[in-house]
Amino acid sequence: MSETARGVPGPGGEALHAICLTVNGVVREVDVPGRRLLSDCLRHDLGLTGTHVGCEHGVCGCCTVLLDGEPIRSCLTFAVSVDGHEITTVEGLAGPGGSPSPVQRAFSECHALQCGFCTPGFLCTVTALLRDNPAPTEDEVVEGISGNLCRCTGYQNIVKAVHRAAELMEEQA
């Protein structure tokens with residue numbers, strides 16, 4: 001971690017720390033208070049509002065992003081702790097030219113969203129799941145998405161979307 005206190009007081013008089021992140025392939029530098037959550041940094045400091053904040057306790061999974069390719073809860077992670085790392089948010093999942101990723105396409109095709117609030121977290125989680133297990137069984141899908149909560153869909157279409165995304169990814173290979 002290479003954070004450096006600027007000595008310049010931020011909101012509430014707290015010192016700011018300069019951090020450098022690669023977010024969705026773009027190097028971003030930002031000054032944040034030491035207790036700024038990654039979710040707040042992404043949303044408020046960097047303007048990436050696709051990352052949603054639900055429970056603020058790490059339970060719902062709405063705030064899930066990829067840290068060096070691994071899913072994490074951004075509402076439980078201090079921004080200064082990811083200095084020098086790579087973050088992928090839902091905005092960074094799209095393919096070349098902004099075309100939807102296979103996971104995004106599958107969620108749309110299978111109607112795996114209703115209100116959409118949980119969707120960014122599911123998309124990041126499923127992207128990592130299928131990277132690690134390109135052909136998951138039904139039980140593996142259920143286990144893989146078990147850390148994300150949805151209050152609208154009943155999960156059946158989300159499970160279908162994961163299998164459809166796996167098919168789409170296999171077709172692209």
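How are α3 and α5 oriented to each other? I opened the predicted model with that in mind.

**Entry: α3 and α5**

I located helix α3 at residues 119-132 and helix α5 at residues 156-172. Their packing angle is about 50°, and their axes are 11 Å apart. Angles from 65 to 115 degrees count as roughly perpendicular and those under 35 as roughly parallel. I therefore note α3 and α5 as oblique to each other. Their crossing is right-handed. Next I looked up the residues that meet. On the α3 side I found F122, V126, L129 and L130. On the α5 side they meet I158, V162, A165, A166 and M169. I sorted this contact by class: nine residues are nonpolar, none is polar and none is charged.

**Entry: α2 and α5**

I then turned to helix α2, residues 102-109. It packs against α5 at about 135°, with the axes 8 Å apart. I put down α2 and α5 as oblique to each other too. The crossing of α2 and α5 is right-handed. From α2, the residues in contact are P102, V103, R105, A106, F107 and E109. They meet I158, A161, R164, A165, L168, M169 and Q172 in α5. By class, I noted nine nonpolar, one polar and three charged residues here.

**Entry: C41**

Is C41 buried or exposed? I found C41 in helix α1, residues 38-45. Its relative accessible area is 0%, so C41 is buried. I also checked its contacts, leaving aside neighbours within four places in sequence. C41 touches V30, V32, R36, L46 and A79. A79 is 38 residues away along the chain, yet the C-alpha atoms of C41 and A79 are separated by 6.6 Å.

Definitions and conventions. Residues are numbered from 1 along each chain as its sequence is written. This is a predicted model: local features need pLDDT of at least 70, side-chain atom pairs count only at pLDDT 80 or more; totals for chains, interfaces and linings use all residues. Side-chain values use heavy atoms; hydrogens and water are left out. Axes are lines fitted to C-alpha atoms, for helices over the stretch in contact, and angles run from 0 to 180 degrees between N-to-C directions. Helices (H or I, at least four residues) and strands (E, at least two) are DSSP runs, numbered from the N terminus. Angles under 35 degrees count as roughly parallel, over 145 as roughly antiparallel, 65 to 115 as roughly perpendicular and the rest as oblique. A crossing is left-handed if the near helix is turned anticlockwise from the far one by less than a right angle, and right-handed if clockwise. Contact means heavy atoms within 4.5 Å. Ala, Val, Leu, Ile, Met, Phe, Trp, Tyr, Cys and Pro count as nonpolar, Asp, Glu, Lys and Arg as charged, and the others, Gly among them, as polar. Buried means under 20% relative accessible area, exposed over 50%, partly exposed in between (1.4 Å probe, protein chains only).
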